[in-house]
Amino acid sequence: MTTSSTPSPLPSVALRGRAGALWLEGGSLLLEQDGMRRRIPLPAVEAVRTAEGPRGVEVVLTAPQGAGATVYRIAHRAASARDAFVRTVNAALPAREAEEDRLDGAALVEVLPGTVRTAWYRRALGDAALVLAIGVPVVGWIAGLVTLLAHGNLIGAILWFFGTKPLIIGLVLYGMAAKALYDRAILRRRGVSVLAAFHRYDGKKRLFRFTDLNGVQRECEVDNAAEPVGTGPERFEVGYDPEHPARVAARLPVRTWVLRSLAWACSARCSSARACTWSRTS
């Protein structure tokens with residue numbers, strides 16, 4: 001009986017905060033921060049730990065005895081994602097040499113060509129994306145109802161509130177949005193971020209593959225609005241739920257959430273407007 005000596009693939013864990021991103025790829029950590037992209041080989045890493053004070057993660061590099069170590073920090077709110085990232089990367093670190101033979105890990109860090117832009121809406125909004133996606137449609141609906149009441153259009157207000165067909169259409173749209181937001185809220189609370197690379201076609205579907213924390217390779221579809229990770233046009237950051245691995249979603253830019261929320265709100269508003277028009281003509 002023979003056994004395979006091929007090691008299990010490393011989970012492609014990732015973290016993204018307001019001011020940067022950090023992920024494990026090909027035996028290195030890739031750090032996007034301050035407009036730069038750095039490749040940090042795992043032998044240059046002493047440890048990865050949760051940051052004290054503000055929530056986040058610290059990457060501590062190796063240093064000669066008696067010298068101060070270089071530390072990179074990135075903020076991230078989700079405790080489950082932070083813990084999974086720290087645990088996974090520390091488990092992947094190579095065995096350490098004797099203290100007197102330690103190298104300066106900062107000398108092994110490679111600055112990759114090109115710059116990384118942090119969009120203004122990411123800096124300004126950050127975690128407000130979920131609030132905007134929920135708040136914009138609700139505020140739009142309330143504003144429409146108040147406008148009708150302020151103009152004395154009682155029938156219109158009643159149809160706005162109790163409309164049947166337009167309401168059903170609106171509920172379907174909001175139901176789709178609520179389901180997507182619910183999944184993303186679950187992923188934000190306990191999800192783990194990983195990198196998914198293009199794997200194969202299934203008919204017209206483009207399937208991407210990622211490795212979960214247990215070393216199991218899984219497939220998923222990626223939203224067309226998702227932005228590729230800087231390491232290649234066929235790699236995307238996705239989050240999955242360790243308790244229900246089938247719940248997978250790609251990370252979307254804030255602008256996409258805003259535009260989709262406005263589209264859902266406008267669709268529901270147009271449905272209600274058609275109901276008001278129907279009531280006046282009848």
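This is a predicted model: local features need pLDDT of at least 70, side-chain atom pairs count only at pLDDT 80 or more; totals for chains, interfaces and linings use all residues.
Student: In the hairpin of S3 and S4, which residue takes a positive phi?
Tutor: Asp-34 does, with phi near 55°, and the hairpin has 2 residues between its strands. Helices (H or I, at least four residues) and strands (E, at least two) are DSSP runs, numbered from the N terminus. Residue numbers start from 1 along each chain as its sequence is written, and side-chain values use heavy atoms, without hydrogens or water.

Student: OK, and how many bridges join S3 to S4?
Tutor: There are 6, and S3 runs antiparallel to S4 (residues 36-41). Two strands pair if DSSP finds at least two bridges between them. Within that pairing, Leu-30 stands opposite Arg-39 in S4.

Student: What about S2, in which sense does it pair with S3?
Tutor: Antiparallel, over 6 bridges; S2 covers residues 20-25. Glu-25 has Ser-28 in S3 as its bridge partner. S2 and S3 make a hairpin too, with 2 residues between them, and Gly-26 in the turn has a positive phi of about 55°.

Student: Is S3 mostly covered or open?
Tutor: Mostly covered: 6 of its 6 residues (28-33) are buried. Buried is under 20% relative accessible area, exposed over 50%, partly exposed in between (1.4 Å probe, protein chains only). Ser-28, Leu-30 and Glu-32 point one way from S3, while Leu-29, Leu-31 and Gln-33 point the other way.

Student: Switching topic: which residues have the most contacts inside the largest nonpolar core?
Tutor: Leu-29, Ile-40, Val-48, Phe-85 and Val-89, in a core of 38 residues. Helix H1 (residues 79-92) gives the most to this core, with 6 residues. A nonpolar core is a set of buried Ala, Val, Leu, Ile, Met, Phe, Trp, Tyr and Cys residues joined through side-chain atoms within 4.5 Å.

Student: And what does Val-48 touch?
Tutor: Beyond four places in sequence, its contacts (heavy atoms within 4.5 Å) include Leu-29, Val-57, Phe-85 and Val-89.

Student: Which element has the lowest mean pLDDT?
Tutor: Helix H2 (residues 120-125), at 45, while strand S5 (residues 45-50) has the highest, 89. Over residues 120-127 the pLDDT is below 50, though this stretch has 19 contacts in the model beyond near neighbours in sequence.

Note on methods. pLDDT is the predictor's confidence in each residue, from 0 to 100.
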